[in-house]
Amino acid sequence: MTRVPAAARTVAITILAALLLGALLLAATGANPLTAYEAILVGAFGPDGFQDTLAYAVPVVGMATALAIPLRAGLVNLGGEGQLVLGAISAVAVGLAVPGPLGVLAALVAGTAAGAIYAAFAAVCENRLGVPLLVTTLLLSYPAMSLAAYLVRFPMRDEGSSLPQSAQLAPDTRLPALGGAGLTVGLFLVVAAVVAYAVIDARTPAGFESRVTGWGPRFAQYAGIDRSRLTVRLLACSGGLAGLVGAIVVLGFPFRFIDGALITPQYTWIGLLAALLAMASPLGTLAAGIFFAALTSGGFAMERATQVPRELTAVLQAVLIIFLAAATGLLRKRKGAAGG
Amino acid sequence: MVDAALFSSALGALTPILFAALAGALCQRAGVFNISLEGTMLVGCFAGVAGSWYTGSVWLGVLIAMIAGTAYSLILAIGHVTFGGDAIVLGVAINLLAVGLTSFLVRTVFGTRGTFSDPDLTGLDPIHLPVLKDVPFVGDVLSGHSALVYVSWLAVVALAILLYRHPWGLRLRGVGERPDAAASLGVSVTRYRYGVILAGGALCGLAGAQLALGNVTLFSENMTAGRGWIAVVAVLLGRALPYGVFAAAVLFGLAEAFGFRLQGVGLPQQATDAAPYVVTLIALFAASGRLRKRRTVRENT
């Protein structure tokens, strides 16, 4: 029983240590750390900032959940960026071709399908050709990003714009907005995905199979779980959700695909870290994703309030994760020592 | 289409990847899965440019890049070896930290956003090898690179000698293959793993210096652009063998240089950007297919 408080204490100490280090960095740049932290907090959860946080949490939590799905079975999908971008570009292509509200539905389906097929292909490569999934997903990611970059520069380029971006979607082929901060009903889709993952994980044979594989792949094999099929299925779900997130993003403001707009905010890597930190538990992943989203939207507020570059919050985020990773390692070591 | 300039540019392109892949191979041999190569290289890029800019000497810049890479890799060493944190989580976080940290520093140190370049920033000069440079073709390919290109070749040989001809290499491989056995023979697993991670950091620093001061003379945000990940793949493709890793890096460099050449005949840049990854993937498929065939033959006999 003493273990849970010990773990909680370690996590609390870790967060405090990271905040302290951040305060030192802030002080070094000449800002008042307290003012800066207050700005982050208000910016993330204040009445104005909360919408920003939610808007940012949609892609981050979506990607975190997408990458958590295979992680539950111990499979790492490093190709989230490619699946996200491929989903987004497919959604825009379909959304521009199919008019009206039907186009929204078609675009969401197209994005999901594109991500799912692409990720499943990486899984098939592992099963058939024996190249580790970590590598196939990662390497397939880059051609997908290049393809999207090519499409928005040439065939799908917005006429009359010098930027590498697609044409804008028609007003009736957009996701309905919620509030003003770029938040759309995509929020509900991501919430639905998280709930579905939580229920499947806890209540169904499919979720159990995947957790068993995560505990011990050899045991899972003895138990008769078909690893190849499981890999393809999990990767298809993972890539499908990543593609859906891409579709949700481009069907919201500014209603077009802009080259690099899905890569620069690091949705995928932040999402992957959230999933890794929560050890792919559905609700833990959700909490970690929201936390990172809050830190990022708070960072923008801090930049406005204190002139400290917002890149510093990215630094804080990474420092926090490094500390937490080290702390969980320490906990595991201690537990191992105590248990025998 | 295929001439000396093509191979020459391939050699320039592969050097940062080669340095980083050697770092990865060294770590792999000691049982550390190091995916922080990308971030460490990026820190090396920044430190190299900043060092060269403030000291006015490009070689001090290279030295500072090595020191910065080593210092930065301490995060992985402490987090993974001392605390037992997960190497993948730490690696991804270290890469993310490098992107944030270098963007932050570009803004606070140089006061610009995105890219820093200046005519006064000194880069690495090409070295023209005596005698060899007058040999037709071979001279054009092998001569006229920055000194770090030649250092990287020496590093391949040095790593091969270290791993297979020196007691340290034997112990290091022992630490990687059977940590318990190595420890029971009195070899400090902790010390060896610290050693490889820090040495890998220095190599990544050199990779960054070559990228930011040799291939170009500037720093831009996220300029490593996946090269560290390609290095991770090169380690796998070359099975963490020094010459295998070298061959994998050559393959990648050729694909990049050839892709660049194809742009000249009208292929879009994006197609050629993707070429190295596709070529690497195909090479992996081929390598694993051959491996599997060998395995089945062995099982049948």
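Q: How many C-beta neighbours does Pro265(A) have inside 10 Å, and what does Pro265(A) count as?

A: Count neighbours, then apply the cut-offs: a residue is buried with 20 or more other C-beta atoms within 10 Å of its own, exposed with 12 or fewer, and partly exposed in between, the C-beta atoms being placed from the backbone. Pro265(A) has 16 such neighbours, so Pro265(A) is partly exposed. This is a predicted model, in which local features need pLDDT of at least 70 and side-chain atom pairs pLDDT 80 or more, while totals for chains, interfaces and linings use all residues. Residues are numbered from 1 along each chain as its sequence is written, and chains are lettered from A and ligands numbered from 1 in the order in which they are written.

Q: Where is the place of Pro265(A) in chain A?

A: Helices (H or I, at least four residues) and strands (E, at least two) are DSSP runs, numbered from the N terminus. Pro265(A) sits in the loop that joins helix H10 (227–250) to helix H11 (267–277) of chain A. In sequence, Pro265(A) and Thr296(A) are 31 residues apart, yet their C-alpha atoms are 9.5 Å apart in space.

Q: And Gly208(B): which helix does Gly208(B) lie in, and is Gly208(B) buried or exposed?

A: Gly208(B) belongs to helix H9 of chain B, residues 189–215. With 36 C-beta neighbours inside 10 Å, Gly208(B) is buried.

Q: Which residues does Gly208(B) touch, not counting residues up to four places away in sequence?

A: Two residues are in contact if their C-beta atoms, placed from the backbone, lie within 7 Å. Leaving out residues up to four places away in sequence, Gly208(B) touches Met41(B), Leu42(B), Val43(B), Gly44(B), Cys45(B), Gly48(B), Ala65(B) and Gly69(B).

Q: Which residues are buried in helix H7 (residues 167–177) of chain B, and what do the buried residues of H7(B) pack against?

A: The buried residues there are Leu172(B), Gly174(B), Val175(B) and Gly176(B). Their partners in chain B are helix H1 (4–29), H6, helix H8 (179–184) and H9.

Q: At what angle do helix H6 and helix H11 of chain B pack?

A: Axes are lines fitted to C-alpha atoms, for helices over the stretch in contact, and angles run from 0 to 180 degrees between N-to-C directions. Helix H6 (residues 147–165) and helix H11 (residues 242–264) of chain B make an angle of about 155°, with axes 8 Å apart. Angles under 35 degrees count as roughly parallel, over 145 as roughly antiparallel, 65 to 115 as roughly perpendicular, and the rest as oblique. H6(B) and H11(B) are therefore roughly antiparallel to each other.

Q: Which residues in H6(B) and H11(B) meet?

A: From H6(B) come Val156(B), Leu159(B), Ala160(B) and Leu163(B). On the H11(B) side they meet Pro242(B), Tyr243(B) and Phe246(B).

Q: Turning to whole chains, how many helices and strands does chain A have, and how many does chain B have?

A: Chain A has 13 helices and zero strands. Its radius of gyration, taken over C-alpha atoms, is 21 Å, close to the 20 Å from the globule rule for 340 residues, so chain A is as compact as a globular protein of that length. That rule is 2.2 Å times the number of residues to the power 0.38. Chain B has 12 helices and four strands. The radius of gyration of chain B is 20 Å, close to the 19 Å that the rule gives for 301 residues, so chain B too is as compact as a globular protein of that length.

Q: What do the C-alpha atoms of each chain span along the principal axes, and what percentage of residues is buried?

A: The C-alpha trace of chain A spans about 65 × 60 × 30 Å, and 55% of its 340 residues are buried. For chain B the box is roughly 55 × 50 × 40 Å, and 51% of its 301 residues are buried.

Q: How many residues of chain B are in contact with chain A, and which helix of chain B gives the most?

A: An interface is read by listing the residues in contact on each side. Here 39 residues of chain B contact 36 residues of chain A. Helix H3 (58–82), helix H4 (87–110), helix H10 (227–237) and helix H12 (269–300) of chain B each supply at least two residues to this side. H4(B) gives the most, with 15 residues.
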